[in-house]
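Hello,

Here is the structure I promised to hand over. Please open it first, then read my notes below.

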Amino acid sequence: MSLPTIQTPRLRLGPYRADDKPALLRHADDPEVARWLRDRFPSPYTAADADRFLALCAADGPGEALFAIRLEDEAIGGIGLHRHGDVHRHTAELGYWLGRAHWGKGYASEAVAAILPHAFDTLALVRVEATCFEGNEASRRVLERNGFTCEGRTRMSVYKAGRFHDQWIYARIREPGPGAALQ
């Protein structure tokens with residue numbers, strides 16, 4: 001699936017490019033960024049990690065929609081949807097990150113707002129879900145500002161940095177319209 005370019009008032013979401021490697025290294029190689037993400041987002045973030053990630057993006061795998069978040073043509077973070085399969089095929093997990101220099105400016109909220117029409121209209125999803133670790137209040141606010149509902153807390157469900165953490169589960173639902181032909 002070829003990714004569209006999504007324009008917002010300040011940002012542009014679109015495919016990662018090979019020339020994004022220096023920006024990835026600048027913004028992703030930060031333990032404070034990795035702190036709130038799964039371990040598959042490595043810390044430290046090396047040139048080899050950037051190469052692997054850019055190759056994954058170029059492979060355009062099924063069920064993945066991985067967008068660079070661009071500010072003035074620089075990749076400052078990423079946002080993606082991972083579509084589930086089988087009986088969960090109308091659900092995708094949303095994930096996002098920003099380089100620390102861009103925290104607190106509303107960019108994550110803007111990027112999430114921009115990707116939701118793609119999720120619901122283009123991908124025909126009914127549910128977009130996201131999780132955030134206990135203590136990541138900024139991410140919780142991003143989701144709540146974008147109409148996500150907190151569905152609960154899973155206790156001791158994350159093992160990160162040598163200890164267990166709780167996480168919050170959020171979802172945004174769009175009811176299928178009358179006569180919707182879902183497969």
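This is a predicted model: local features need pLDDT of at least 70, side-chain atom pairs count only at pLDDT 80 or more; totals for chains, interfaces and linings use all residues.

**What I found**

Together with Met 156 and Phe 164, Tyr 159 forms a nonpolar patch on the surface. The accessible area of these three residues together is about 350 Å².

Strand E1 covers residues 6-7 and strand E2 covers residues 12-15. The two run antiparallel, joined by 2 bridges. A hairpin of 4 residues leads from E1 to E2. Ile 6 has Leu 13 of E2 as its bridge partner.

E2 also pairs with strand E3, residues 64-71. That pairing is antiparallel too, over 4 bridges. Here Leu 13 turns up again: its bridge partner in E3 is Ile 69.

Now the aromatic rings. With ring centres within 6.5 Å as the cut-off, there are 4 aromatic pairs. One of them is Tyr 16 with Phe 53: the ring centres are 4.9 Å apart and the planes stand at 85 degrees. Planes over 60 degrees apart count as edge-to-face, so this pair is edge-to-face. The pair links distant parts of the chain, with the two residues 37 apart. Tyr 16 sits in the loop between E2 and helix H1 (21-28), while Phe 53 is in helix H3 (residues 47-59).

Are these two residues buried or exposed? Tyr 16 counts as buried, because its relative accessibility is 12% and the limit is under 20%. Phe 53, at 21%, is partly exposed.

Ring pairs also tie Phe 41, Tyr 45 and Trp 97 into a cluster.

Last, helix H4. It runs over residues 107-122, 16 residues in total. From first C-alpha to last it reaches 22 Å, close to the 22 Å expected at 1.5 Å a residue. How many of its residues are buried? The count is 12 of the 16, so H4 is largely enclosed by the rest of the structure. Among the buried ones are Tyr 107, Glu 110, Ile 115, His 118 and Phe 120. Just after H4, Ala 124 has a positive phi of about 55 degrees.

Best wishes

Technical notes: Residues are numbered from 1 along each chain as its sequence is written. Side-chain values use heavy atoms; hydrogens and water are left out. The expected span of a helix is 1.5 Å times one less than its number of residues. Buried means under 20% relative accessible area, exposed over 50%, partly exposed in between (1.4 Å probe, protein chains only). Patches are made of residues with over 30% relative accessible area and no salt bridge: like charges are joined within 9 Å, nonpolar side chains (Val, Leu, Ile, Met, Phe, Trp, Tyr) within 5 Å. Accessible areas come from the Shrake-Rupley method with a 1.4 Å probe; for residues, only the protein chains shown count as cover. A salt bridge is a side-chain nitrogen of Lys or Arg within 4 Å of a carboxyl oxygen of Asp or Glu. Two strands pair if DSSP finds at least two bridges between them. Rings of Phe, Tyr and Trp (its six-membered ring) pair if their centres lie within 6.5 Å; planes under 30 degrees apart count as stacked, over 60 as edge-to-face and the rest as tilted.
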